[in-house]
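The exercises below concern chain folds, helix packing and chain contacts. Each task is followed by a solution in steps.

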Amino acid sequence: MTLAEFLQVAPVPPEQLAPSLWLIIALPLLGAFICGVFGRMLGRANVHLVALSAVAGAFVLSVLAFWATSHTGPGAAEGSRRLMAYYRNPFGIEADFVRYALAYDYGTWFAVGDFRVNFGLSVDHLSGILLLVITGVGFLIHLYSTSYMEHDDGYWRYFAYLNLFVAAMLTLVLADNLVLLFVGWEGVGMASYLLIGFWYTDPAKAWAGRKAFITNRIGDFAFLIATFLLVLLVSAFTRQANAADYATAGSSTQRYQASLQEKGPVTFKGLEKLAEGLVDTGTDKVDLSTPIEAGPLAGYTFGGVMTAALLLFLLGAAGKSAQLPLYVWLPDAMAGPTPVSALIHAATMVTAGVYLFSRMSALLVLSPTAMATVAIVGALTSLLAALIAFAQDDIKKVLAYSTVSQLGIMFMGVGMGIFWAAVLHLVTHAFFKACLFLGAGSVMHGNGDETDIKKLGGLRHEMKWTWGTFLVATLAITGIIPLSGFFSKDAIFHGVHHNHLHGLEWTSSLVYYLGLVIAACTAFYMTRLYLLTFEGPRSKEARVEHAHESAWQMTLPLVVLAVLSVVAAVYAFPLMRSASDGRPQPIFENFLSPVFGAMARIAEGAKTVELDTSVPGMADYLKAWLVALSGGVAAAFLYLKFFPARVGQPVPAFARAVRRTAQNKFYVDELYELAVIRPVKFLSFILFRVVDALLIDTVAVRGTAWVTARVGSALRYVQSGDAQAYAAVMAIAILGGVAYALIQVLQ
Amino acid sequence: MNIELILFGAFALLTLLSAGMVIFARSPINSAMALVSTFFFLAGIYVLLWAHTVAVLQVLVYAGAIMVLFLFVIMLLNLGESPTRGRPTLARLAGGAATVGLLAVLVVTLLKVPGDVPAMAPEAQASFGTMALLGQTLFTQWLLPFEAVSLLLLVAMVGAVVVAKSRI
Amino acid sequence: MAADVAAREAPNRPMVPITYYLLLAAALFCMGMFGVLVRRNALVVFMSVELMLNAANLTFLAFARMRGDAIGHVSAFFVIAVAAAEAAIGLAIVIAVFRSRGSVLVEDIRTMKH
């Protein structure tokens, strides 16, 4: 039996596994409940056991689910491949199956009129790979935390929150509709808030949590409005579409309407069909430029509303994935424990925006405007964050800005329609960035919580495992050739360069060249971080004389993640052949093609995006490699030769000014303070004086009290304590009521 | 004129008379005795309404158990006649006025109620008001309230013991 | 044929209109209420409450006769049960009050004033 055949027979067939998908979410949720409620009673070891086994159980189930999506049944020959892992697309015609996926609908969650939301879960290759990342990396980070948090008394709270986060993130990924996804979206936001402010006795850390929460809330608001717009769009579509529209979508009128009745308007499969129906084929009634006839959106075109909804989703995704203009919370989020930064603020939660757009790729390609905005926002964010990272001295801050920058690169990929590469970069980034963060945590753990890289140095010989893994991860993120980061990043850049948005062709070059600059910057600041932390002599200001290497619970995850950062490169190798035209195709693109099939069809049909399918050549690889190398070498030269030689000499004023600006994060926080927070505060002050102090305090509260006191002292004489007097009053009242009712009836 | 109307008139008159004695008698013991007779006459009226079972219950529970309790308390506390008639306060005058007003309103209302009764099927008539029908209804449709009432009586019993006992 | 039906229906129809029963109940209720509002002796007040409960019972039974179903009887049954509970608790309270104050006159019980 070959490896391929082995992988095609799942231990649990999809039809048996599908009804149990909820367990993947329920296990960590149960763990969170047990740790949160009984944690203090259970003690440290038991809490570790519960939390770890909950995530490990979810991981095993995720592996089974992932395996089941590739299940083709035993003995399937290459020619007559029987597809076992599928479910019937509820919105499609009879022969329309969603391949390589399993789904289960647990019934209606709530229904209001025509609007209905089901509790439906689905796993396809996109959510499957994310399941593995979340539970796999999540498990490693749980393991790491057992050692990292060994001196903290809030361990039970910590593990409860961490499990809660995993459950919410799994909900986000497994949801088959937008509303359930939003539940997970809010859930991870809450868990993130709880964990950033984990050490809530420190006001600065509590504030950081609040900042993250409020910034996210702005994005969530946009997310909700976008969802409502889509609901309205679906209802407008069903009112105006004719049979040809449904035929374009690969469905029929009755089937689509019946599914809307059954599944509600916000499922991803239904939205995918909507997007396909909006493609113009000549005989259909509805396409992107058709005006909506009735309802609240009357007068706007379908395409215009779609663009508006997608831009609002971009704002939502920008909040969660820390893009311009809402990226400011992520660097402050480093106030939380370091493993939390690794799990939530590097590997999983912050990639939710990328996941959202990948999940809705079919809608996104309908609007070149929205795509260009996504790509440019990503590029600008990435560049800005990379520049700020140049001058940060806090090891976690550098990594935080690096995360913002890498997320920007993923947004560039999503925005230019190279979804599979963006998802691949998401995965590889999860590996090497988690490794870097955990390495940083290990460094802090071994050096008395020192985070200033200027006060570290020379750790290479004292923390061998941490050093080795950190070096591998640094090389991966920098883009040195045999490591995963190089291939995933280059796949994005290649796609960005060769994909063209209809009417906005100039974005390809702009984003591509910005990308090259970003790649060089990334190499520079990461090399700087590595050199200052691990190379050179030990700083004189170090807190501890000799750093100690961390326990196996911390080094083991580091090693696993470092290995993964190397081997994940395999995914980008063009070893497979395309199912449609037989050209060579990277493994990951082939693997995700069932997910992005509708997207490719729509892009071709609507002529909005010209998708390139070529594979990067040697020249492309060489160019990217040189860019990365130039950044690294520049940093190496500056920090190994130039600066050490100039110690004690005055720094030029210009350099100092540039450095200060970058160190102060280009004053973005101050700009927000001036442009948003001050006016809001001023308005709040006015409102406080007029509404609160005058209307509510003086008139409403004190006025009520005054009137009550006066009336009370007047009525005191009525209270004689005679029960019969009270009863008589009651009787008179009853008499009045009955007489009134009688008069009403008689009239 | 028929026997039913005569019986109703007699029972109604006697009921009202004894009820008047209940509220106007000076001695509580007289009130209590008048109350017993009220209950008996009311039981007669219940029979006229074909509510035999409830009539029996009325005699057993009210005229039997509850009245014994009243008399027992009166004797226990050794209450005689009220020493003086209380000065009529404003509240009492208001109470009296409210009662008269309510009676007037009720009479006006009730005179509008259609008093005719739809005919009953013979088999329904045979079982109407019997212990069997009441029991069947109680133990099927009203089982939960019935059990709740048993709980209520238990609570009342315990409560009465706790409240009345000087030391437990 | 018609005579047969009439003969069979004859005992069905009460000779006394239901309205009479309702009027009797109203009168009984108002007398009870008068007692509650006017009498000073707590025991007599209790007896008046019993009168009111009986008036309610009478109404239930009258309507039960009118509708020809047993629901009214069930209600009356429950009223009797509740009245028994109420009498037990109420009389216990009267005893407790008499013990502490030596009086059963409602005008002497004015702790609600404080």
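Helices here are DSSP runs of H or I with at least four residues, numbered from the N terminus. The model is predicted.

**Exercise 1.** Locate A:Val566 in the secondary structure and decide whether A:Val566 is buried, exposed or partly exposed.

Solution. Step one: A:Val566 belongs to helix H23 of chain A, which covers residues 552-567. Step two: 19 other C-beta atoms lie within 10 Å of A:Val566. Step three: a residue is buried at 20 or more such atoms and exposed at 12 or fewer, so A:Val566 is partly exposed. Step four: apart from neighbours within four places in sequence, A:Val566 is in contact with A:Val472, A:Leu483 and A:Ser484.

**Exercise 2.** Describe how H2(B) and H3(B) pack against each other.

Solution. Two packed helices are described by the angle between their axes and the distance between the axes. Step one: the axes of H2(B) and H3(B) come within 8 Å, and they cross at roughly 175°. Step two: angles over 145 degrees count as roughly antiparallel, so H2(B) is roughly antiparallel to H3(B). Step three: the residues of H2(B) that meet H3(B) include B:Phe39, B:Phe40 and B:Tyr46, while those on the H3(B) side include B:Tyr62, B:Met67 and B:Phe70. Step four: by class, this contact has 20 nonpolar, two polar and no charged residues.

**Exercise 3.** Characterise the side of chain B that touches chain C.

Solution. Step one: 75 residues of chain B are in contact with 66 residues of chain C. Step two: among the elements of chain B giving two or more residues to this side are helix H1 (3-24), helix H4 (90-110) and helix H7 (143-164). Step three: H3(B) gives the most, with twelve residues. Step four: sorted by class, this side of chain B has 56 nonpolar, 17 polar and two charged residues.

**Exercise 4.** Which residues touch the most other members of the largest nonpolar core?

Solution. Step one: this core has 243 residues, and A:Phe165, A:Leu170 and A:Ala434 touch the most other members. Step two: helix H19 of chain A (residues 419-446) supplies the largest share, 18 residues. Step three: a second, separate core of 87 residues includes B:Phe41, C:Phe29, C:Ala64 and C:Ile80. Step four: leaving aside neighbours within four places in sequence, the contacts of A:Leu170 include A:Ile24, A:Ala58 and A:Leu131.

Notes
Residues numbered from 1 in each chain as written. Chains lettered and ligands numbered in written order. Predicted model: local features only at pLDDT ≥ 70, side-chain atom pairs only at ≥ 80, totals over all residues. Contact = placed C-beta atoms within 7 Å. Nonpolar A, V, L, I, M, F, W, Y, C, P; charged D, E, K, R; others polar. Axes fitted to C-alpha atoms, helices over the stretch in contact; angles between N-to-C directions. Parallel < 35°, antiparallel > 145°, perpendicular 65-115°, else oblique. Core = buried A, V, L, I, M, F, W, Y, C linked by C-beta atoms within 7 Å.
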